[in-house]
Amino acid sequence: MKVSQTIGSRIADLLIHEGVDKLFTLPEVTFGDIHNRFVEREGRIIAGHHETACAYMAESYAQSTGNIAVTGGNCGPGASNLLPAVVHSDAEGLPVLYLGSERGLMARSSVRSPKFQCPNLVDMVKPVTKFAAILEHPEQVDELFYEAFRQMRYGRPGPVYLGLPFDMLREEYEFEALPAKNLYRPARIMPPSEDIKRVADILESAELPVLMPGAGVRISKTHELLQQLAEILKCPVVRTYGGRGTFPDTHSQVLDFGFGPGLEATQQADVILVVGSSIGEKLMFGDNLYFSEQEGFGDFFGSDQTWIQVEKDPQVAGRNRLIDIALVGNIEDIIPELISELKLRQVRGCSEKLAVWQEQRRDIFQGYIEAAKDITPVHPGRLILEAQKSIPDDAIIVSDGGSIFLWQQRYLNNKHSNFLATLKMGMLGVGLPYAIGAQLAEPGKRVCLVTGDGAIGFYMMEFETAVRYQLPVVIVVAYDQGWALEVPYYEYRFGKTFEVDNEFVRMDRLAMEMGGHGEFCQTTDEIQPAMDRAFASGKPAIVQIVMDRRISAYEAPEADLIYKWHADKVAYI
């Protein structure tokens, strides 16, 4: 039976049918029919202050729920403000549907210029989306959205852009009843069972396998499956840069990539099992140089190793380095089969060696603790150590910032298995929108953002968004009154700095002015009580902690693993 409705309301029905329950968008009258029907169907509109921030909220929501997320912008300026986030979603591999209000065909195809609010957005975003198109006829509505849903779910997740001419959204049209989702969603891909058995045989006979979970594990929400696999293998787990949060920092099998016992493990391993990672630049492409003279590659892995890659996208598997076996398909389908095969075998494990390495790792962390002195302004390492004492074990940690992000890589050490950050692109400022998206997705959990004063400044007004929607996120602002990460390079290269200093701002007072909770700390002993009060307030809260900039800029441990990329002849690791 056909249904007569406006194109805008049909789009809302398509989104609801696909499981979308929130739209992250500013109030936008050209999307009025979409909004009205979406709310009628018990969807919820989340309105931030800036389209880019709304899109980052959608990214976080997608990662936190394991579903696609949807954002949008008005004709011209609003949709143009989505561009930075589209680039980011592409880099991070996140399934976000971007809806852009567009002018009609007459205006878009006219040779006349200039035209009001009529940028050629679809051609701009095509290089950084999996699919981009503009709706031109009512009969295209369903097939364009089905294609969008397929693209976001097939292979490596990524963004899709659909342009919606606003003069069409109010038009009435007769549509067919919506089909079952399995009729238009992509079929699941599974590798041959013989390949899974072969991998199980290799892992059974391995003397020292190393499991390396990546961002694909986080996005597919398969944390528990990978932890079951690790228990069976009894092997070191070395998380990729994007795989932070797949295993708790305190997990008994976790080692750290690139230094100490984690480096020994990846060098000595006879089998490297990579799950949900492209083996990208932060892993030195598995010691695969761009060119022979490049510095920074090499010696992170061994020379005679068997590499196994479990990857959702057939175009990614084996792209960045030679792979002995690739298991292509969804992680949630492949890993249970592999676990079943391993349970039929006698896996030797390497518990004794792992125990030694774990003791070494604890010694390294103890060294970090001892190095973080009780000084004023507060030592950045001590700042994190004190702040995390109040963070619940099941909290969602959001990480942002420049120099303080480097300190978080080493000093965050707790039982959380939920971690969000911009791990491929390094897009400063996503933290507050990410915290909002995560809290909306997980209302029963606490969300804590650790960020710097530079990063929080990008979208500071979104704190009011958190207040308006009563989202009790706790935000730790490591405050050094400027841009610390740039200081070492400037001083080394030129003997001076350029525009790295800002005026002193009481961010705790900003928080209170917007209806939230604020705390201000200048000494170490003030931090934990302030954090306790922030969590107890039940409001969005900012805990501003004045931090030593020189230490923050110069002394972050193993920071070279993150920022060696400042010259093209040096590996970006």
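**Close-up views of cavities and nonpolar cores**

View 1. Searching the whole structure gives 4 cavities of 30 Å³ or more, a cavity being a set of points on a 1 Å grid over the protein atoms alone where a 1.4 Å probe fits but cannot get out. The model is predicted, so that local features need pLDDT of at least 70 and side-chain atom pairs count only at pLDDT 80 or more, while totals for chains, interfaces and linings use all residues. Residues are numbered from 1 along each chain as its sequence is written, and side-chain values use heavy atoms, with hydrogens and water left out.

**View 2. The second largest cavity.** This cavity holds about 120 Å³ of space, a volume being the space filled by probe spheres set on the grid points. Its lining (residues with an atom within 4 Å of a point) includes Gln63, Ser64, Arg218, Lys221, His223 and Glu442. The lining residues comprise 3 nonpolar, 6 polar and 3 charged, with Gly counted as polar.

**View 3. The largest nonpolar core.** Among its 57 residues, Phe24, Tyr98, Tyr161, Ile456, Phe463, Ile475 and Ile542 touch the most other members; such a core joins buried residues (under 20% relative accessible area, 1.4 Å probe, protein chains only) through side-chain atoms within 4.5 Å. A second, separate core of 51 residues includes Val199, Val217, Val254 and Val274.

**View 4. Surroundings of Ile456.** Apart from neighbours within four places in sequence, Ile456 is in contact (heavy atoms within 4.5 Å) with Leu432, Leu449, Thr451, Ile475, Val477 and Met507.

Terms used
1 Å grid on protein atoms, 1.4 Å probe; cavity = no way out; pocket = protein on both sides within 12 Å on 5 of 7 lines; lining within 4 Å. Buried < 20%, exposed > 50% of the residue type's maximum accessible area, 1.4 Å probe, protein only.
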